[in-house]
Amino acid sequence: MRNFKKGRLFGIVGLSLLLGASISINADAKVKSTRSKNTNTVIPVGNKVPQSVDIVLKPHNTKDLNNYTYAVTKKENANFHKYLTPDQFASRYGQSPSSVNQITKYMKKYGLKVATFKGNLIMNVTGTTKNMEKAFHVKIVNKNMDGSRQQVNQDAINLPKSLYSKIMSISGFGKLQSVKSAKAIVTSSLKKMPNMGNFSEKTPNSTNTTPQKFIKQYNVSPIYKSGKNLGQGKTIGIISFTNVNNSDAYNFWKQMRIPVKSNRISVNHVDGKKGVWSGYDETTLDIEQSGAVAPQANLRLYTSSGFSGVAAFNNIAAANAENKADVLSMSWGLGEAQIASWQKIKLLPKAYLKVLNLLFQQAAVQGISTFASSGDNGAYQGTQGKMSNGLSVNEPSASPYVTSVGGTTLPNNYRINGKTVKITKERAWGDDFLYPGIKTLKTPSIIKQGLYFMGGGGGFSKVQGLPAYQRGVSGTQTFRAKQMWDYNKGQLKAAKKYKTVTGIRSGRNLPDVSANSDIQTGYKIYISSPNNGGKGKWQKVGGTSVATPQIAAGSLLIGQNIGSRLGLMNPALYEFAQSSNSPFTTLDSASNNTNLYYTGQPGKLYNQATGLGIIDFSKLNMSFKINSLS
């Protein structure tokens, strides 16, 4: 959890910002929604203030695109692994060059610059406020809302009718300028070890915080045996919104005694700016952890100066356009409830999720595998508003074209306030087993806030439909849950008595797979001060943002081993899970196995706490190898 102070964002930018209606957790274990009076003070925006807007173009042949997205994943299909280049994608599914030229010509008439990403889906338009207002026929203003300043377009966009048929969405006029309210909070897919007084970890393996733990736990080593499958000639793409000190990563690998390829890190500052440092620890761990699992792979960072809808679209579009990355890793997300609230106040366009899905489809048909963290607040990802039982999942992790990564915790002994808790086997990550000790901790409420709601994200999307690859898989449309929090009139309150809940729900199920994410059984990263690649420090971190780049790197090694990109992996993953030699260990226990709500479903292949379960990468490699044979 990160706070805004004096307009500066502490923590990874663009994850889950709650404006006006934020969730807070009191020391008496109640969670309530708070709202202050909205003054809506309007302040003019200077004529020369730089603006950046995305025009999202309507794709062509969407039915064929949907079919081709899955055709390239099916061995029996004639298009199996016949991935497209960005130019081929543009020709088949993007807007025509004549449409792009028509829109470009119009924008240039008003002194605006236009850059179109390969694929012909995203056109980035930049220029001054004055010229934007003339081109789009809007008035751009700032509004003070709940102590925060937000830029919006005061009236509807009005373009020539000849352009509308080619445009799907326009994003960028709505953006956050500064935040003063203490109620505005940001949550991250990165968790650090808090100072919890007499909370201690007692285990013989407590110092095992290196990437080797992941490699050993999930059986990656056999893929390395030939010495040829270390990521040579392959690229891991990181989608983020901050800078990074490259030297931190090299120091990390050196001190971890991991022989890596030199000069392997490159950065694409997509918006052309130097970038921001708030939350750079998130980007640092993405690079360090993925680069450790695939030590000879290239690492390509796609970053912008902070999060916005435009930044998210452009970073992914840039990766697709370059087509260098074989896999993409994303350790950021917004709860679906939060997205809805941002859309209401025009911070995100109504088509936000549709645009992301379209970009992920482009990546998939180009053979790029995309991974996203499911979040670190269990089944309550950025919950606000009238959500069913207060439950919510993360986007873009819920996209059907992304492999969603959930969290587990490893065997460990804990001692908290004189109480000892022993975890004997890998289970879903959720700090429910620490609740008795957390309740009696004499520590600031902000610490309890983090501890009560630490767990791997998972559940049912209320926006994304059930994808074909999840249909018919036991457990995907049913659930079993341990209700520890009651939700009533916008409030979450600790239940006096826990109860088991079962039922049927629809929508995209997530996560797809899981790995160790608990802070207590987490990993070290090495990080120095911003703009200083010198002496740094070691931090212990956790979160699904650690597991995500690790799994992305492991998957890259499999693609290298079979000699092909893997594209959208999910159809194969669910097919393999139903085989007699499944590469997954299903964590299906109904007890001591919750992500703060959902539990395992005994005897079923899937559950919303850990998905298909944990991966044996050696077996998964063999499954893909067999599947790739003609």
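Q: How are helix 1 and helix 12 oriented to each other?
A: This is a predicted model, where local features need pLDDT of at least 70, side-chain atom pairs count only at pLDDT 80 or more, and totals for chains, interfaces and linings use all residues. Residues are numbered from 1 along each chain as its sequence is written, and side-chain values use heavy atoms, with hydrogens and water left out. Helix 1 (residues 62-71) packs on helix 12 (residues 352-365) at about 45°, axes 9 Å apart. Angles under 35 degrees count as roughly parallel, over 145 as roughly antiparallel, 65 to 115 as roughly perpendicular and the rest as oblique, so this pair is oblique.

Q: Which residues of helix 12 make the contact with helix 1?
A: Contact means heavy atoms within 4.5 Å. Helix 1 brings L65, N66, Y68 and T69, and its partners on helix 12 are L358, Q361, A364 and V365.

Q: How far apart are the end C-alpha atoms of helix 15?
A: Helix 15 covers residues 544-562, which is 19 residues. At 1.5 Å a residue (times one less than the number of residues), the span should be 27 Å, and the model agrees: the ends are 27 Å apart.

Q: Is L328 buried or exposed?
A: L328 sits in strand 20 (residues 327-330) and touches G237, I239, A319, I368, S369, T370 and F371, leaving aside residues up to four places away in sequence. Its relative accessible area is 1%. Buried means under 20%, exposed over 50% and partly exposed in between (1.4 Å probe, protein chains only), so L328 is buried.

Technical notes. Axes are lines fitted to C-alpha atoms, for helices over the stretch in contact, and angles run from 0 to 180 degrees between N-to-C directions. Helices (H or I, at least four residues) and strands (E, at least two) are DSSP runs, numbered from the N terminus.
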